[in-house]
Structure formats: structure tokens, C-alpha cells
Number of protein chains: 4
Amino acid sequence: MRTGAWLIGARGSVAVTSMIGALAVRAGLTGPTGCVLESPALRDRVRPGIGDLVFGGHDVTSVPLEKKAAQLAEAGVVPAALARAVQGDLAVIERDLRPVPAAPTQAATAAAVAADLDRFRREHGLDRVVVVNVSSTEPVPPPHPAHATLTALRAALDGPGPVLPPSALTAFAAFESGCPYVDFTPSTGARLPALAELALQRGLPYAGNDGKTGETLVKSVLAPMFAQRNLRVRTWSGVNLLGGGDGANLAEPGANAAKAASKQRVLAETLGYAPQGDTRIDYLEDLGDFKTAWDLVTFEGFLGTAMRMEFTWHGCDSALAAPLILDLTRLTAAAARTGRSGPLTDLAFFFKDPLGETSHGLAEQWRALCDLIDTLAPQAEG
Amino acid sequence: MRTGAWLIGARGSVAVTSMIGALAVRAGLTGPTGCVLESPALRDRVRPGIGDLVFGGHDVTSVPLEKKAAQLAEAGVVPAALARAVQGDLAVIERDLRPVPAAPTQAATAAAVAADLDRFRREHGLDRVVVVNVSSTEPVPPPHPAHATLTALRAALDGPGPVLPPSALTAFAAFESGCPYVDFTPSTGARLPALAELALQRGLPYAGNDGKTGETLVKSVLAPMFAQRNLRVRTWSGVNLLGGGDGANLAEPGANAAKAASKQRVLAETLGYAPQGDTRIDYLEDLGDFKTAWDLVTFEGFLGTAMRMEFTWHGCDSALAAPLILDLTRLTAAAARTGRSGPLTDLAFFFKDPLGETSHGLAEQWRALCDLIDTLAPQAEG
Amino acid sequence: MRTGAWLIGARGSVAVTSMIGALAVRAGLTGPTGCVLESPALRDRVRPGIGDLVFGGHDVTSVPLEKKAAQLAEAGVVPAALARAVQGDLAVIERDLRPVPAAPTQAATAAAVAADLDRFRREHGLDRVVVVNVSSTEPVPPPHPAHATLTALRAALDGPGPVLPPSALTAFAAFESGCPYVDFTPSTGARLPALAELALQRGLPYAGNDGKTGETLVKSVLAPMFAQRNLRVRTWSGVNLLGGGDGANLAEPGANAAKAASKQRVLAETLGYAPQGDTRIDYLEDLGDFKTAWDLVTFEGFLGTAMRMEFTWHGCDSALAAPLILDLTRLTAAAARTGRSGPLTDLAFFFKDPLGETSHGLAEQWRALCDLIDTLAPQAEG
Amino acid sequence: MRTGAWLIGARGSVAVTSMIGALAVRAGLTGPTGCVLESPALRDRVRPGIGDLVFGGHDVTSVPLEKKAAQLAEAGVVPAALARAVQGDLAVIERDLRPVPAAPTQAATAAAVAADLDRFRREHGLDRVVVVNVSSTEPVPPPHPAHATLTALRAALDGPGPVLPPSALTAFAAFESGCPYVDFTPSTGARLPALAELALQRGLPYAGNDGKTGETLVKSVLAPMFAQRNLRVRTWSGVNLLGGGDGANLAEPGANAAKAASKQRVLAETLGYAPQGDTRIDYLEDLGDFKTAWDLVTFEGFLGTAMRMEFTWHGCDSALAAPLILDLTRLTAAAARTGRSGPLTDLAFFFKDPLGETSHGLAEQWRALCDLIDTLAPQAEG
């Protein structure tokens, strides 16, 4: 049941926090707070467990894990004592991190990625490797005719120019190597017809997109509340102030627009209409890994009475995302084991922009997750 | 299908807002925003409809409905134009309002109440009358041995002293008169073993307690969110600032304690543990019918990272409660029609302190409500 | 002492609210809440009084005052009863409203404006007319060499092309007609060297810019607090959600940038450094004349401890601005009477972007205002 | 110019944070953020400097300073690296901490306190020792006839029963020993006629009461803003959620009432009337040294328009108080040096409940402080 978690962006805050956390939980140094699969309702239902995960990954930077861990401790994301306690284990993981391959054609690059995945699986004797994208958000890529079919895609990848954005190329390589793929970012990932075709051909599942860790999580319970009470939401406006690497990236207009749209989608789909208002993302370097979101909801009740609600969410994105990385790796591995292939729409609970036609209300997403878990019972493997 | 809505506290803000609203909706002057049974998901599923309701009731005060309507318009709770438009219809209802009967023994008082109900049913040719308590919150009554069984209760009611608090005496009279009973307040209402016995004996349903209109409504979606994400809530503190008649009443320590406890119950039952913190209720006469609640939630994520959430809710209690009065009258009448008796635990969606052992999470309560409605289909009557 | 208040944008929300208010205060129908000169500390210190003001003005629209008053009542900005009570008086003012003149050259347009001002002064036998700009915010105009000197300006105005933006052309006309000028908007107004020259030549005072009515008002007391306590502000971010005509206008990127910059200026000038963060302005039509601003301040205390403050301001811009229009007309008229000319830097208390090198802290601005008033004592006129 | 800072409650969070901070600033390890006398406007104006302070004190507990420092680092109040860096210096201070003396009569206890002060002054060759109370808030003491005059007080202190609460007995001992006294708590301290008499007799100044570190600080700038703009505050309600030792203490109803009253005083005195609403203090152990306050202000503008403002303050009480302890010790020492005696009403800037009839507006208090500092110029000593 030993399962590989191959992280794209393996030296980033989310990845390193999830490694430190998994190591610390395994060593009994801390509890699994924030891990959905370790909540009282779901504990011991899904294998692999946290202790079964083996970490590796790609990253464009080369900052040592130990240094990154120290930075996270400095920033208040992980306790300094924990970061020190798992230092030795991080050094072991360090050996399984690789630079992002770059070759003359995207086909060759994908082959190099797949080779890294194969070696990782082989060297650690892993049952399965799940590729998880936690790298920075990409700009929305231009459309390309080769995205439409697998045949066209394979042909185009052999050419000199870029056909796929990096996240999609990684998904391609993962599928080629027999690995399920999870995209925790708003990037393209596996969301292209050609890649869906490949995943089905190989019988592999994939999950995404864009982890739901803060403001959107709250929206996904408040919006159904307004809908069920038949209260008319007039305006819903939000602002997200965030620092950290992804903050700078998201404040860039292209990425910002993609993210903001994904953040408002939950409203239209849950309420049945789109209230006035937008979600803004502003970069404030000084906030570091912490994020503050403020939302104002104005709504109308019986006889048109005007009412309002505000909320402020002050969270640490890495701390909120990291345990979900462990959950998603485990769930996707378990789904692959039971033969699921194609988009795992029943993992919408974890995502701002879930795959497939699915409810955006958290409660229904939770039920879908519980139903999925019922089908993943460990004994299924035998 | 004409159904009586007999309101206890019929000249209060909630009652008069619900009357004005029902009349205005019926006349096509406004929409049914805030009425759960008129939301897209549930529309046309439950009979009686809003147009089938006939209003009457008891009140200790004698302020004319027309005057109360003008006050509500002045206070911004109902539009002045609507209040004027339904003036004639309110004058008709006025004829069916009675002072609260008072007799030498509680048995005699109950008989007088029942006589009022009987006359109301007869004069209007109603299929059924639902008694709904929207009067001021009572202090918690002292226990009395006669509360335990119906036999003991009947005997005690013939004596000179008070045995039941007013809300419970009303429930007794309602059941004696064959009427279902709904308690929208935190008062005792039907929640005594002797009354449960009586309701079953007569085959009558009842619902309650304590309408969920604001801060607790929000808690009932946020608390499950924290639980499902396995985030550890450390503290949850709230303050409710409210004016209006009920504000003054709730700021009285006895009533306050009852209400505040009912407001925190949702946390312990949904999270599985009780976080630190209390809910305060403070009376600010100047706020009138509007209420502002502020809640601070501090919680712990992965590796113990400290995070927090705040929300402010600025609502109009009468405008939030009034449409639910219409919903509850309709649902309870429909349940009675299909032969339901005893506590309607499937109406927990509407209450802060629901009857029976039932989930406090709004999503599960919503499902229970939808399931109930499936059994109430109008054709069932034939 | 009868003084004209000639409003540019005389049919807009701010102008009409100030007219209704002045009429209602004069008639004893309401108190002067929000009028700084009527606060206990300053009452009866400055003449003209509210009762001495006579209203007239220009507007590009032709919506009747009575209709605008009804809209303001509908929107909750003025009480409906007040709007009705002053209907007759508004009809009188209506006769003194003129369309904005338009002529082949800006010189001719200015002459037409001045002619309107002269006629108004003459017909009502006014001691003095103060021109007050409360029209919509203009985009930042392109620089023009003729802005530098009065001679160049006069020459250029005779040409066919536009030289001055409307607000500056109005200031020019006001000065030519012997009228002091107040700019309550962020537009250019009198802030050009050529116009400063003209004002001095004619011995006329002027005041501005950009009325301080909400978020910036709060900033102007909080920023000095942080400075005096030597707490280091790390970030200060704000979002302004507003509807109304000016909302749509300010959401337009050009105007937005001007306004947002003026909103952050108070920070750098009061703190002595510019913290990270921006002020956003978002248009939400549904909010109407009301505005909600949210600000987050993160700051550092002793030994670097991270702390934070948030505030939400929910105000009605017209109701906040209108009484200040009365104050500024009175103060500027009184200053003119005592022979003040040039920029009234001692009126910084009222403005987001005050004229001259002056403190942005409200407390110092208040002292400057009190000092000014000491020199304006009514007896000075004799 | 070496000056003693004798802290009552010397092992508490505020005291130890001020020691660590003074040592770290002196060693150049950190800057003086939060020290008012080190702000750009006041730097180098007052001697003694931070580096001239020598610490000692009394405490009822015996937790070693080093251990307390570690706890403060753990709680996020001081950086762990700083706490470690000053460990040696704390050990030196440790030698000058004494248990609180206890003797059969209060006269004898006071003599023992004075003896400790004398020895501290002598052993360190100090110019002057300032006694600063930072111990827990006392309940309001019962009145006693001996509080009225010094003669009566001296006689009563020789008796067996308690005459003075601990804070007042300390003030008595301080004055007897020739030491100025500062009370940073809401306790009685020097605020008794007999003690005022003694201070004047000995020519000693004193300062207090109740350090203004959070919500009240904000009120002291917002309330003048509303007053100056002639906006009518209708309600002002606050809730303070705090942990820490003082939290538990203040949640005790007696102390709570005293503190809450002192917190609302600023409103009545600044606005000229008391708006509806109260300030609540709730203890939440889990918050530790951090405190969250939320305030809602509803106010009325022109023509009665209803508006509102909310703020949340999330501060670390120890980090906010500690630098003010350094400021107050320096200022009181400098005032004593220039011959000031009696209540230092010009230090109102620092206190929630300032001595004397003085403005509660922060801006006026700031000016009073600056004026005081002008009289304390270091050269005055010669």
C-alpha cells in the first residue's frame, strides 16, 4: 500500500508544509488537524494512510527543503520545534526531488518527466504514484487545435513549439507513466479533451481544480443557506489580501481574473442567479503566508427588507492546503486502486472549480465524498 | 383547504408582519422572498398555500393592527405603501383577534382559549386551525410534579394556583381543541411529558422551538464546515445587540440565559465538543426591530496554526421570522392532514432548539425538510 | 448677510439633500445634525447662518427638484415627510436653476456662466455668491501650457479648442464674476497656477478639494493615533463599495485612480512613510446612495509583535456631504467678507486632498478651523 | 541619570516584556517600536533614556524571569531569539526582585516595602526610583474614613486591620521612600485624599490610571471625530475578549464593572452625552496574551439618516503596554527631577481613566504631553 506523492512545486510552501506535517503525524509529534480523512467521521476508512505516503517531486527552484522548512517556521506556518524534529526525514526526501526536466520538444520533456516518475516508483517499490500539482498558478493559455484529440496532441508535441502549458504537460506525462493526477491549482492541468481521452485510455482517475481553502469554502456554505431560506442576495463582494509567492502571481491581472471568476462561480451555481459584485485579489507582500478575505453580502428578506452580512477570514493558506494534499493523494490512490478512471467529480468538496457538473454547495459535496469513501473500503484490495 | 393561523401575540411585530406579508403576497403586491416553501426548489409542493391562510389570534395588548402596521412602516420593517394597501384586510382580521382569556383556574382559562379556537374554526369554515406562539419569551418556569403525566396535569389545572406557564397552557388548550401547535419562541410550549401525552392521544402534531433567524442560522452552516474540514474550533464567542420588545425581555437575565444556551447548543452538537466562549445578548432600545450580531471564531489548522474568522449579521428579526410563520403554519397543517402526530422533528430546519434528537447542521435539516415535504404532497388528501 | 449658494450639479443628490436640509432646518422641522458649524463648540460663531443662504445653480440634467427629492426619499436619504414639507420652497429654488451654458469658445461659455451668477446676485439682492462644485468627478485632464499663467489662459480660452476642464472653467467664471469658489470634488477646480493668479488679482478665496465624508475621515484620526503611539503600520488596505451616480463614475479607471491616490495620501503624510496596500473603489449599483468601506490595518508593536485592526464604515454619502456644503458656503462667504483671498488652507478639515501644505491629521485640522473661525467673528462686518 | 524602575507585579507578562524590550533595545537587537518617547517627533527629548533604566520589583509569585521569558516567547509575545539573547541580563535583574513584604500591620508592611526601595536605590547608586504598578486589577475597595487625611491614615495603618488595598499601600510606601508612583492598572493606587496629601508633602509626582492600550485608545480618536463632525452617536457597544491572567481577573464581576465603566467614560466626556450601549469583558483563556475587541457605533447624520461603523482590534496587551511602562518611568522620573509634584494630569495620553479634569480626546492629550516634554528638556538638570 506504499504510495508515492509526487509534488509539482515540491519546494513550495504548500508542498513542504504537507511533507513536514505527514512526517510529524507519522512520528506522533502532532495530530492530523485539518486532514479531512482523519476527522472522527472518516477516520480509518481510506488506505493508504498518511504513514504510507512517500514524497518526491519536481521544482524549478533549488532551495533546500531544510531551508524552506526554516523559513516556514520563521513565518509562523509550522512550529519551529516540528521543523527541527523532521529535519533528518526531510533530508531523505530531498534525494527524491528533481529539477523540472526541459528538452527540445514537449514530447521529450514529457518523456523525461515520466522517466522520473518511473524511477521514483521503482526505487521505492511503490504500489502507485499520484502526481499532485501545487506549483504557481499559470496564466490562461491560448487555445490550440491539438488540445482537441489525443492523436492531434501527440503529433503536435513532437514539434518544436509549446503546445501545452506546463501543468497540462505534467498531466500528460503522469498519465503516460500510469499515474493519477491531482491539480490543486487553477491552472489547466488535465482539463483538455485530449488529456481526458488519454486518462480514459489508460484507466486513470484525475481530480481538481483549485483547492478550496478559505473564502470560497465559506461561500460554499453561506450561499446554500441564503438559497434554502429563499433570501434574495443582492450583492456579494469580496476582497482577498494575500502575500506569499502565489499572491504576487495572482495579483498579475491574467491569473487574477481566472481565480476571481472561479471564486464567484459558486454563487451563481448555488443561488441560481448572479448577484452584483466581484472578488478582488490584492497582493500585500507583508502578509506572507497569511491571507485576509473580507466579504460583504447584502440581501433582501420578506417584503424587501434590506439586510447585510459581513465576514472576515484570516487564514494561513499553506496550513489549510497542506492537509488536503495528503487527503487528495490518499483518495485518488484509493480510487485508482478500485479501478476508477476519468474525472473524480465526487471530490468537488476540495475544489473551488470542481470537475464536471456538480453541486457547489459544501453539504452536497460532503455527501458525495462520503459516498465515494463507501466504495473505497480498504478490504476492496484484498 | 382553508386553514386558520391563530397567533399568540397577534398584535406583535412578527405576527403583524406575517399578516401584512400574506395579504400583500396574495394581492400580488410583493413576492414571497424569505418564504422557504416558495423557494424554487419547493414551490407548489405544500398545501395549504399562503392564500389559504385565515388569521386570528390572542394578545395581551390592544394596539390596533392598523396602528401597529404604521409603526412597522415607520421602523422600516414593512414598506409604507404595502402597509397602507392592506389596511382594509387588516381591519377584517382585527375582528378575529381576542384578548387573552383569564379565568379563576387554569382549566377554565384553557377552556376559554379552546372556545375561541372553536368559534374561529366554525365561523370561517376552516379545515384546520394551527396555533402559533409568537409572543414574548417567558422566564424558565419552576418544575411542577403535574407536568409529568396528563392525569396529574388535568387534576392540578383545576386547582387555584398556576401549574403551567402561559405558552404551555396555550398548547394544552390547542390540543384540547384539536389544533396542532407551533412554538416559535424559546418558551416551554408543548415541551412537557403531560402535553406530549395529550398530543399523541389526540393525534396532533406540534413543532418548535425558538425560530432560527439570524446568528444561529449562520452557525448552523459554519460549524459543520469546520467539522467536515477537521479544523479545531478553539473559541466561538458572540454578541447580539437588539432592540424591540423582545430585546428588552431577553436582556432580562433569566430569559437571556435560556436563549444564550440554546444559541451555543448548535456548536457542541455539530462539532462534537464545546469550544470556549459564550453568546451575549444586549438590549439597545435604539436598534428597534433590527439586530446586529458579531461572532468571533478562532480555530486551529494543520500543525496547530492559529486562524480566525469573524462575521457580522445585521438583520431585521421580524422580517426574517414572519415568512417562516407562514411556512410553519402550512407545513404543520399539511402534516396534521396526513395524520402525523407528536413532535415534528423534521422541522428542525426552522428552529434553534429543535425537538427531538436531531442534527443541528442546516444541510441535514434541509434534507429532513425535503423528505418531509415528499410525504405531504397535496394529492395525498384526495 | 444674504448669501448665494450657487451649486454646480444642482440637481444631484448632494445638492438637493443640502437644499432640503437647509429649508427644513430653517423651518424648524429638523435639527442641524452633521453641520459642523452647528456643533455645540461652534454654534452661532459664523455668519451667514443656514437661514441666510439662497440657492441656485447649474446642472446638465433637467430632472425637477421635486422629483429628485422624491427619489431621495425613496432611497432612504431624506425622510419622505421632510421632502414633502419643503416642496413649495424647492419649487422656488427651481426658478434659479439654469442649464450649463455652452458657447463656441470657452471664453464665451465662461462669460455666460458669469452672467448667470450676476443675475442671481442681482435678482436676490445678495451680498455675495459662493460657487460650490458638487458635480460628478472629472477624469484627470491633460496638461496644457495655458494653465501656467493668467495671460496665457485668457488668450487660449478665446480659441476654439477646450483648454480647461469644466470644473476649472467654472472656477474661472466664478472669479471673473467676483465669487469665491469651493470644490467638493476631486476634479481640477481652481488648482491651476493661472486660476490662483486670478483669485489673488480679484482678492477672492477658494477652498477644496474632495470632501472628506467617510473612510478617509476615519483614516485621518486613526493614522495619527498609530503615529503618536509609535506603532509601525505595515499594511493599510481598503475597499469602497458604492452605488449612486458618482459610484459608476468613480469605478471608471481614470477617476478611480485619482480618487484612490487622494485616499492614500493621508497615510504617507501622517505616518511619515507609505505602508503597503491600496484603496479600491468598486461600483455596486444596488447600494444606491449608501457606501460601505472596509479597511484592514496590520501593524507592528514592541519587539515586532504583529497586530491588526479592521473597520467597516456604512454611510450615506449624500447625507454626510450635504451639511458640509452648508458649512463650506458659510465659511467661505465669511472668509471673503474679512478679505481673505487665495487658497483657504485652514479648511483642510473638510477635504481629502486639502489645498496647500497642511496637516492631514483631523485634530490639527480641527484646530486650524477653530483658529480661522476666531478671525471670522460676525461683529467684524459691523 | 541612572533611574530605577521598580515594578509591582515584576514577574508578570507586562513587566517581563518591558524588561526584555529595554534590554534588547539597549543591546541594539531591536528597535523601540511602540515607545512613544522614541517616535520621530519626541526622540532624544526626555532623559533618562531607555538605557538609563535599572529594573527591580515585587511580585507575589516566584516564577523565574527566565522561565517567564520562555513562556512569553512560546505565546508569541516576544521573539524567542530575543528572549534567549537577554537571558544573562534577566538573571541580573532576578537578583533585584523581592517577594511582596507582609507584616502584622500595614504600617510595618509599608516600612518593609520602603526598605526594599531604599536598598535598591542605594545598591545601584540610582538618582531616583519610580514605582510602577503593573500587577493584577484589584476589586474596588470599601471606603474607609482613614482615606480622608494623612493623619488619620497614619493612625489607622498602625492598627491590625487592612486600611488600604495593596496598590494604595504601595503608593504610600513609595511616597514615604521618596519615590514617584505610576499606576498602570484600574486599582486605587494613589487616588485617595490622604495619599495626595502625602505626595504633595514630599514633593513627589504620580501618574495613572489604567493604561490605554487598545479599544479605548481607538475610542479616544473616534469619539472626537464624531463630535467634531456633529454626528449624533446613538449607540456604542463593545465586547472585549481576552485571555491571560488579567482576563480571568477582569471577568470577575467586581473588577469587570470598574474596568467597563472606565472604558465608557471617554464617550460621555468627549461627546457631551452618553450614547446607549455598554462595554463587555469576556474571558477566553485560549486567547492568551492576545485580545480581540469589537465595537459597533450607530450614528445619525443630516436629516436623521442612520449610519454605522464597526471596528475590530486584535492586539497583544503585553506588547502594547510594555513600551508605555518605559515611557512612563522616564517621564515621571524627568518630571520629578524638574520638581513636579502631585498628579501628572498631562500624562492623560497614556491612560483610560486619567487623573484630574482633563480631555479624553487623544489629540488634546497628545498636545498636553508635548507641552509637558517641552518643560522636561534634559538641560534643565544642568
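In this predicted model, D:Asn209 sits in the loop that runs between strand S6 (205-208) and helix H9 (215-228) of chain D, and the peptide bond joining D:Gly208 to D:Asn209 is cis, with omega about -5 degrees. The corresponding topic in chain A is A:Asp210, which is placed in the loop between strand S6 (205-208) and H9 of chain A and has a positive phi, near 75 degrees, although the residue is not glycine.

**Backbone geometry**

- Most residues other than glycine have a negative phi, and most peptide bonds are trans.
- Against that background, a further cis peptide bond is found in chain D, leading from D:Arg47 to D:Pro48 with omega near 10 degrees.
- D:Pro48 belongs to the loop that lies between helix H1 (13-26) and strand S2 (53-59) of chain D.

**Domains of chain A**

- Chain A is split into domain 1, made up of the segments 3-210 and 319-381, and domain 2, which covers 215-316; the C-alpha centres of these two domains of chain A are 26 Å apart.
- Contact between the domains involves 19 residues of domain 1 of chain A and 22 residues of domain 2 of chain A, and the area buried between them is about 1700 Å², with carbon and sulfur atoms giving 57% of it.
- One salt bridge is found across this interface between domain 1 and domain 2 of chain A, and six residue pairs are counted in polar contact between the two domains, with both residues at pLDDT 80 or more.
- On the side of domain 1 of chain A that touches domain 2 of chain A, the residues comprise nine nonpolar, seven polar and three charged.
- A salt bridge links A:Asp353 with A:Arg265, and the closest N and O atoms of this pair are 2.0 Å apart.

**Interface of chain A and chain B**

- The size of an interface is often given as the accessible area lost when the parts come together.
- For chain A and chain B the buried area is about 4700 Å², and 67% of it falls on carbon and sulfur atoms.
- The residues of chain A that lose the most area to chain B are A:Arg229, A:Phe302 and A:Leu303, which together account for 21% of what that side buries.
- In terms of contacts, 63 residues of chain A meet 63 residues of chain B.
- Zero salt bridges are counted between chain A and chain B, whereas the count of residue pairs in polar contact is 16, both residues being at pLDDT 80 or more.
- Several elements of chain A each supply at least two residues to the side that touches chain B, among them helix H1 (13-26), helix H9 (215-228), strand S9 (290-300) and helix H12 (317-337).
- With 11 residues, S10(A) gives the most to the side of chain A that touches chain B.
- By class, the residues on that side of chain A divide into 39 nonpolar, 16 polar and eight charged.

**The parallel sheet of chain B**

- Chain B holds an open sheet of seven strands, paired in parallel and ordered S3-S2-S1-S4-S5-S6-S11.
- Strand S3 (97-99) and strand S11 (342-343) of chain B are the edge strands, each pairing on one side only.
- Strand S2 (residues 53-59) of chain B pairs with S3(B) in the parallel sense over three bridges, and B:Asp59 has B:Pro99 in S3(B) as its bridge partner.

**Salt bridges**

- Over all chains, a search of the whole structure finds 68 salt bridges.
- In one salt bridge of chain B, the side chains of B:Arg202 and B:Glu176 meet at 2.7 Å, N to O.
- This pair links distant parts of the chain, with B:Arg202 in helix H8 (residues 193-202) and B:Glu176 in helix H7 (residues 166-176) of chain B, 26 residues apart.

Terms used: Residues are numbered from 1 along each chain as its sequence is written. Chains are lettered from A and ligands numbered from 1 in the order in which they are written. This is a predicted model: local features need pLDDT of at least 70, side-chain atom pairs count only at pLDDT 80 or more; totals for chains, interfaces and linings use all residues. Side-chain values use heavy atoms; hydrogens and water are left out. Domain bounds come from an automatic or database domain assignment. Contact means heavy atoms within 4.5 Å. Buried area is the accessible area (1.4 Å probe) that two parts lose on being put together, summed over both. A salt bridge is a side-chain nitrogen of Lys or Arg within 4 Å of a carboxyl oxygen of Asp or Glu. A polar contact is a pair of N or O atoms within 3.5 Å; within protein, one must be able to donate a hydrogen and the other to accept it, and residues adjacent in sequence count only if both atoms are side-chain atoms. Ala, Val, Leu, Ile, Met, Phe, Trp, Tyr, Cys and Pro count as nonpolar, Asp, Glu, Lys and Arg as charged, and the others, Gly among them, as polar. Two strands pair if DSSP finds at least two bridges between them. Helices (H or I, at least four residues) and strands (E, at least two) are DSSP runs, numbered from the N terminus.
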